[in-house]
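Me: I would like to go through this model with a few questions, taking the side chains before the chain as a whole.

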Amino acid sequence: MIERVDDVLTAPVPPVGWASGPLGVVQAADREIARQTALRARAVAQFAAARPASGD
(Lines give C-alpha, C1' and ligand atoms only; values in the text may rest on other atoms or scores of the structure.)
Protein backbone atom coordinates (compact mmCIF):
# COMPACT_ATOMS: atom_id res chain seq x y z
CA MET A 1 0.00 0.00 0.00
CA ILE A 2 1.17 3.54 -0.73
CA GLU A 3 1.66 5.46 2.49
CA ARG A 4 3.06 8.67 1.00
CA VAL A 5 3.52 10.25 -2.43
CA ASP A 6 7.28 9.79 -1.99
CA ASP A 7 6.71 6.04 -2.10
CA VAL A 8 5.22 6.36 -5.58
CA LEU A 9 7.99 8.63 -6.86
CA THR A 10 10.76 6.33 -5.68
CA ALA A 11 9.16 3.04 -6.67
CA PRO A 12 11.23 1.04 -9.16
CA VAL A 13 10.12 1.35 -12.77
CA PRO A 14 9.44 -1.98 -14.47
CA PRO A 15 11.39 -2.56 -17.67
CA VAL A 16 9.22 -2.04 -20.72
CA GLY A 17 10.23 -2.58 -24.30
CA TRP A 18 8.77 -2.93 -27.74
CA ALA A 19 7.30 -6.31 -28.48
CA SER A 20 7.86 -8.31 -31.62
CA GLY A 21 5.43 -10.33 -33.68
CA PRO A 22 1.71 -9.55 -33.63
CA LEU A 23 1.94 -7.52 -30.42
CA GLY A 24 4.70 -5.41 -31.97
CA VAL A 25 2.42 -4.69 -34.93
CA VAL A 26 -0.30 -3.57 -32.53
CA GLN A 27 2.15 -1.34 -30.65
CA ALA A 28 3.37 0.23 -33.90
CA ALA A 29 -0.23 0.90 -34.96
CA ASP A 30 -0.98 2.47 -31.57
CA ARG A 31 2.06 4.75 -31.90
CA GLU A 32 0.91 5.82 -35.38
CA ILE A 33 -2.62 6.48 -34.12
CA ALA A 34 -1.18 8.59 -31.28
CA ARG A 35 1.00 10.51 -33.74
CA GLN A 36 -1.95 11.21 -36.04
CA THR A 37 -4.13 12.23 -33.07
CA ALA A 38 -1.49 14.71 -31.93
CA LEU A 39 -1.27 16.18 -35.45
CA ARG A 40 -5.05 16.52 -35.55
CA ALA A 41 -5.16 18.18 -32.13
CA ARG A 42 -2.49 20.68 -33.17
CA ALA A 43 -4.38 21.49 -36.38
CA VAL A 44 -7.64 22.02 -34.48
CA ALA A 45 -5.84 24.23 -31.96
CA GLN A 46 -4.34 26.35 -34.78
CA PHE A 47 -7.77 26.69 -36.37
CA ALA A 48 -9.40 27.64 -33.07
CA ALA A 49 -6.67 30.18 -32.32
CA ALA A 50 -7.31 31.88 -35.64
CA ARG A 51 -11.08 32.23 -35.03
CA PRO A 52 -12.53 35.27 -33.30
CA ALA A 53 -13.88 34.79 -29.81
CA SER A 54 -17.61 34.25 -29.71
CA GLY A 55 -19.93 36.62 -27.88
CA ASP A 56 -22.10 33.75 -26.77
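Me: Is Glu-32 buried, partly exposed or exposed?
Reply: This is a predicted model, in which local features need pLDDT of at least 70 and side-chain atom pairs count only at pLDDT 80 or more, while totals for chains, interfaces and linings use all residues. Residues are numbered from 1 along each chain as its sequence is written, and side-chain values use heavy atoms, with hydrogens and water left out. Buried means under 20% relative accessible area and exposed over 50%, with partly exposed in between (1.4 Å probe, protein chains only). At 34% relative accessibility, Glu-32 is therefore partly exposed.

Me: Which residue forms a salt bridge with Glu-32?
Reply: A salt bridge is a side-chain nitrogen of Lys or Arg within 4 Å of a carboxyl oxygen of Asp or Glu, and the structure holds 1 of them. The two partners are 3 residues apart in helix α2 (residues 21-50), so about one helical turn separates them. With its closest N and O atoms 2.8 Å from those of Glu-32, the partner is Arg-35.

Me: Over the ring of which residue does the charged end of Arg-31 sit?
Reply: A charge sits over a ring if NZ of Lys or CZ of Arg is within 6 Å of the ring centre and within 35 degrees of the ring normal. The charged end of Arg-31 lies 3.9 Å from the centre of the ring, which belongs to Trp-18.

Me: What percentage of the residues in the chain is buried?
Reply: The chain has 56 residues, and its accessible surface comes to about 5,300 Å² (Shrake-Rupley method, 1.4 Å probe). Buried residues make up 2%.

How values were computed: Helix = DSSP H or I, 4+ residues; strand = E, 2+ residues; numbered from the N terminus.
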